[in-house]
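Hello,

I am passing a structure on to you, along with some notes from my first look through it. Please open it next to this email.

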Amino acid sequence: MKNRIPEPSVSLPLIGHLHLLSGKETVCKKLATMADKYGPLFSLKLGTRNPPSFGGGRHMGYNNSIFALAPYGEYWRNIRKMVTIELLSSHRLEKIKHIRFSEMDYYIKDLYGLSRSGAGNCAKVTISEALEQFTFNINLRMLVGKRFSGSTYAEVNSEPRRYEKAIKQAIYLFGIFVLADALPYLECMDIQGHTRDTIVKATTMILTLTGGESTSVTITWALSLLLNHPNVLKAAQEELDRQVGTERWVEESDIKNLKYLQAIVKETLRLYPPGPITGIREATQDCRIAGYDVSKGTRLIVNLWKLHRDPRNFEYMPFSSGRRSCPGITFRLQVVHLTAAKLIQGFEIRTIDGMAVDMEEGLGLALPKLNPLEVVLSPRLRSELYEGL
Ligand code: HEM
């Protein structure tokens with residue numbers, strides 16, 4: 001039996017192996033390189049042993065009342081149940097479908113307006129930015145019944161701009177804090193005694209953080225991949241023309257027939273999972289994993305990004321698995337599929353000057369595309385279809 005879990009040799013006083021995770025490359029890639037060297041299960045020392053706590057949760061998360069960061073227990077169970085039933089269940093999503101549909105219509109209409117503003121019925125558009133605003137508005141409307149208009153977004157330093165910036169920074173910092181989690185100055189997690197107000201604010205905040213960016217990032221990566229594989233983009237368009245035609249817009253009920261589009265989304269989530277690493281787990285008892293003895297209290301993370309790319313240990317789980325898996329799966333797949341379908345059906349999409357899209361990844365929790373995606377758009381359906389949205 002293999003009992004000693006392999007670990008990198010260079011462990012520094014106090015911080016252990018933390019230094020191996022710093023730098024410009026994404027953490028999932030660094031961990032993947034280590035997996036190639038040490039095997040599918042390896043151990044890292046990240047600071048000294050501590051009770052479970054999370055820097056991001058303490059500093060930014062209403063003193064750890066964010067349920068997504070809470071340990072398994074009554075608090076997590078109650079809030080997760082409420083979020084699932086009140087917001088993300090199929091029944092609820094059906095009831096509030098007008099929100100995602102009308103936001104999609106605004107979005108397509110805006111893009112149509114932009115595409116016609118250029119010479120020759122086509123224009124350069126930073127499509128990733130427009131996507132962020134669109135997914136942000138869906139979330140805001142679902143959570144607090146509010147949206148921001150395109151003109152408000154356009155103002156420098158406007159409320160949505162500042163909010164958007166704060167969200168981006170929070171997601172980035174959450175990504176960074178995950179690593180600092182084990183450092184000794186962190187306090188014990190105390191999830192008792194939160195007021196109702198704090199719980200509402202913390203839950204709204206985590207849903208805004210997890211919900212918006214993951215979706216816009218996924219659609220941005222999907223478009224980037226398609227632009228770099230024009231034959232696949234063409235085949236997706238042909239599928240839409242065959243299954244839906246060009247006389248009406250694609251609808252949610254068409255998605256089940258768009259197998260090629262579904263495969264594109266699936267492959268995008270394989271290559272660019274917006275949750276590349278799972279949340280931190282802690283062994284509640286001594287156990288054995290992959291033939292190694294793992295003692296109670298050991299913390300474990302799973303590198304989904306690596307599992308998606310490793311032919312020897314392949315697993316596909318962009319939404320993770322088990323009781324902590326993503327509760328937003330149904331909702332997000334609805335939005336990602338339909339938005340991608342509408343974009344492909346409604347526009348000819350090209351890169352600027354025929355250049356390949358750069359696929360550089362940014363740091364932060366959601367594996368964002370580092371540089372914004374700029375494209376040239378031109379409408380491909382009758383003008384009445386856009387004007388009637
Ligand atoms: C393409 C879109 C999305 C992907 C790929 C994704 C993926 C993930 C992953 C990998 C996790 C971590 C699970 C773990 O630790 O094992 C997670 C957790 C979570 N996701 Fe998502 N997610 C997406 C969209 C959303 C949306 C739209 C929402 C809500 C509106 C959401 C809410 C959450 C929450 C609250 C958790 C924490 C769950 C818990 O701790 O119980 N996600 N997601």
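Predicted model: local features only at pLDDT ≥ 70, side-chain atom pairs only at ≥ 80, totals over all residues.

The chain has 389 residues, of which 33% are buried. Its secondary structure comprises 14 helices and seven strands. If we take the contacts between residues at least 6 apart in sequence, 76% of them join residues at least 24 apart.

You will find S320 in the loop between α12 (304-307) and α13. Its phi is positive, at about 65°, although S320 is not a glycine. For context, most residues other than glycine have a negative phi.

Of the 18 residues of α13, 14 are buried, so the helix is largely enclosed by the rest of the structure. Its length also works out: at 1.5 Å a residue the helix should span 26 Å, and the 25 Å between its end C-alpha atoms agrees with that.

How do α10 and α13 lie relative to each other? The axes of α10 (residues 230-243) and α13 come within 9 Å and cross at roughly 90°. The two helices are therefore roughly perpendicular to each other. On the α10 side the contact is made by A236, Q237 and L240, and on the α13 side by A341, I344 and Q345. Four of these contact residues are nonpolar, two are polar and none is charged. The spacing within each set brings a general point to mind: an α-helix has 3.6 residues a turn, so residues three or four places apart point the same way.

Helix α6 (residues 127-144) passes the length check too: its 18 residues should span 26 Å at 1.5 Å a residue, and its end C-alpha atoms are 25 Å apart, which agrees. α6 is mostly covered, with 13 of its 18 residues buried. Just after α6 comes G145, with a positive phi of about 70°.

Two further residues may interest you. D353 lies in the loop between β6 (347-351) and β7 (374-379). Its phi is near 55°, a positive value in a residue other than glycine. D353 has 6 other C-beta atoms within 10 Å and is therefore exposed.

The other is H19, found in the segment before α1 (27-38). Having 11 C-beta neighbours inside 10 Å, H19 counts as exposed. H19 and L46 are 27 residues apart along the chain, with their C-alpha atoms separated by 9.0 Å.

I hope this helps you find your way around.

Best wishes

Technical notes. Residues numbered from 1 in each chain as written. Axes fitted to C-alpha atoms, helices over the stretch in contact; angles between N-to-C directions. Helix = DSSP H or I, 4+ residues; strand = E, 2+ residues; numbered from the N terminus. Parallel < 35°, antiparallel > 145°, perpendicular 65-115°, else oblique. Contact = placed C-beta atoms within 7 Å. Nonpolar A, V, L, I, M, F, W, Y, C, P; charged D, E, K, R; others polar. Expected span 1.5 Å × (residues − 1). Buried ≥ 20, exposed ≤ 12 C-beta atoms within 10 Å, placed from the backbone.
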